[in-house]
Amino acid sequence: MTQQNDETPPGAAPGQSAAPRRRLIFILAPAAFAVLAAVLAWQLLTGSPDKIPSALIDKSIPEFDLPPIPGWDKGLSSADIREGGVSIVNVFASWCGPCRIEHPLLMDIAAEDILPVWGLNYKDQPADAARWLGELGDPYTQIGSDLSGRVGIDWGVYGVPETFVIDAGGRIVYKHIGVLTRIDWDEKIMPLINDLKN
Amino acid sequence: MRAALLVATVLLLTLLGSGAWAFSADDALDDPVLEARALKLHDELRCPVCQGQAISDSNAELARDLRRIVRERVAAGDSDDAVFDYLSDRYGDFILLRPRVKPTNYVLWFGPALVFIVGVGGLWMFVRRRRGPAAESAPTPLSEAERKELESLSRDDPQ
């Protein structure tokens, strides 16, 4: 603009040279706004706000030692998980409807016998859990009864079911929130487990 | 006299029943100072289940458990920051209703001020440029020919 101004004879309207520049602002400002609005709308409309990313990814599993539910001889401790190699930890409860939906998949996984399936029985009456497992079958390698929910809080559990993938070093690698489906298992979790095992 | 006493009693009960004296299902800490701190912290923490609410507002069972944990930490002598750390280690920054000032949150904290400064700066430049040249450069003096023409025009005026 200054260059143009130097060339224009004195007394010529300054608006003449500024005009293209000003027009550019009228294009750029709405464009910038549109981009911002698009980004915000994208963030607002996609993804699920009810799924909070876990703070424990890439961290060691929390220390705990939980008693068994009545009728089962072993509880579950962090030492058990660390010694078990690559594994999954499933947080469940008999009062949790969606847990019933994913239960058959856990039975299938247990039947394949490829890795330990640890159970964290979250805020459940031990007797209710025992009845639930007696009725539906027990897919778990070992189960810890977390009646108070304290261990669940250490794991950042805020709803059941939740499923964690643990590597051979006892680190939390992945957290799945909500019902685990066959598709989740085949497409996300199984490839991850294969990677961890190799 | 009896009526006055009754009114006074009702007033007293109303006062006791309001605000900080509210009766809750939670077990309050015995030390009122610690309890007040715990209650303040409850307002600063988000309930992971019912996400728009602070744990102080929520009836969710997890919120109740978290309130209890905050009380425990406070009673154990944790500072406010230590309590926040304890919970954000487990539930992430998501649980803090007041985001922390740290590099990943700089855009959140300072973005609006930056946008404001850029906006004001842009407006200032825009206004200056519109006004500037006209105000700064004095009108070009009339050339000799123009001056003569102007004079002849005013002289020729029939009136």
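This is a predicted model: local features need pLDDT of at least 70, side-chain atom pairs count only at pLDDT 80 or more; totals for chains, interfaces and linings use all residues.
Local features are reported at pLDDT of at least 70 and side-chain atom pairs at pLDDT 80 or more, whereas totals for chains, interfaces and linings use all residues. Residues are numbered from 1 along each chain as its sequence is written, and chains are lettered from A and ligands numbered from 1 in the order in which they are written.

Trainee: In what order do the elements of chain A run from the N terminus on?

Mentor: Helices (H or I, at least four residues) and strands (E, at least two) are DSSP runs, numbered from the N terminus. Chain A has 7 helices and 7 strands. Read from the N terminus, their order is α-α-β-β-α-β-α-β-α-β-α-β-β-α.

Trainee: What percentage of the residues in chain A is buried?

Mentor: A residue is buried if 20 or more other C-beta atoms lie within 10 Å of its own, exposed if 12 or fewer, and partly exposed in between, with C-beta atoms placed from the backbone. Chain A holds 198 residues, and the buried share of them is 31%.

Trainee: Among contacts in chain A with a separation of 6 or more, what percentage comes from residues 24 or more positions apart?

Mentor: Two residues are in contact if their C-beta atoms, placed from the backbone, lie within 7 Å. Of the contacts in chain A with a separation of 6 or more, the share from residues 24 or more positions apart is 70%.

Trainee: Which residues does A:Ser60 contact, leaving aside its neighbours within four places in sequence?

Mentor: A:Ser60 sits in the loop between α2 (15–45) and β1 (65–66) of chain A. It counts as partly exposed because it has 13 C-beta neighbours inside 10 Å. Its C-alpha atom is separated by 54 Å from that of A:Phe26, 34 residues apart along the chain. Beyond four places in sequence, the contacts of A:Ser60 are A:Gly170 and A:Arg171.

Trainee: Is A:Lys123 buried or exposed?

Mentor: Most residues other than glycine have a negative phi, and most peptide bonds are trans. A:Lys123, not a glycine, has a positive phi of about 45 degrees, and it is placed in the loop between β4 and α5 (126–136) of chain A. Because 20 other C-beta atoms lie within 10 Å, A:Lys123 is buried.

Trainee: How is A:Asp113 classed, buried or exposed?

Mentor: A:Asp113 also has a positive phi, of about 55 degrees, although it is not a glycine. Its place is the loop between α4 (97–112) and β4 (117–122) of chain A. With 9 C-beta neighbours inside 10 Å, A:Asp113 is therefore classed as exposed.

Trainee: What is the omega of the peptide bond from A:Val160 to A:Pro161?

Mentor: A:Pro161 lies in the loop between α6 (150–154) and β6 (162–166) of chain A. The bond from A:Val160 to A:Pro161 is cis, with omega near -5 degrees.

Trainee: Turning to chain B, how far apart are the C-alpha centres of domain 1 and domain 2?

Mentor: Domain bounds come from an automatic or database domain assignment. In chain B this gives domain 1 (20–100) and domain 2 (101–134). The C-alpha centres of these domains of chain B are apart by 38 Å.

Trainee: How many nonpolar, polar and charged residues does the contact of α2(B) with α3(B) have?

Mentor: Helix α2 (residues 32–44) and helix α3 (residues 61–75) of chain B pack at an angle of about 135 degrees, with axes 9 Å apart; axes are lines fitted to C-alpha atoms, for helices over the stretch in contact, and angles run from 0 to 180 degrees between N-to-C directions. The contact is made by B:Leu34, B:Arg37, B:Ala38, B:Leu41 and B:His42 of α2(B) and B:Arg67, B:Val70, B:Arg71, B:Val74 and B:Ala75 of α3(B). Ala, Val, Leu, Ile, Met, Phe, Trp, Tyr, Cys and Pro count as nonpolar, Asp, Glu, Lys and Arg as charged, and the others, Gly among them, as polar. By class, the contact of α2(B) with α3(B) has 6 nonpolar, 1 polar and 3 charged residues.
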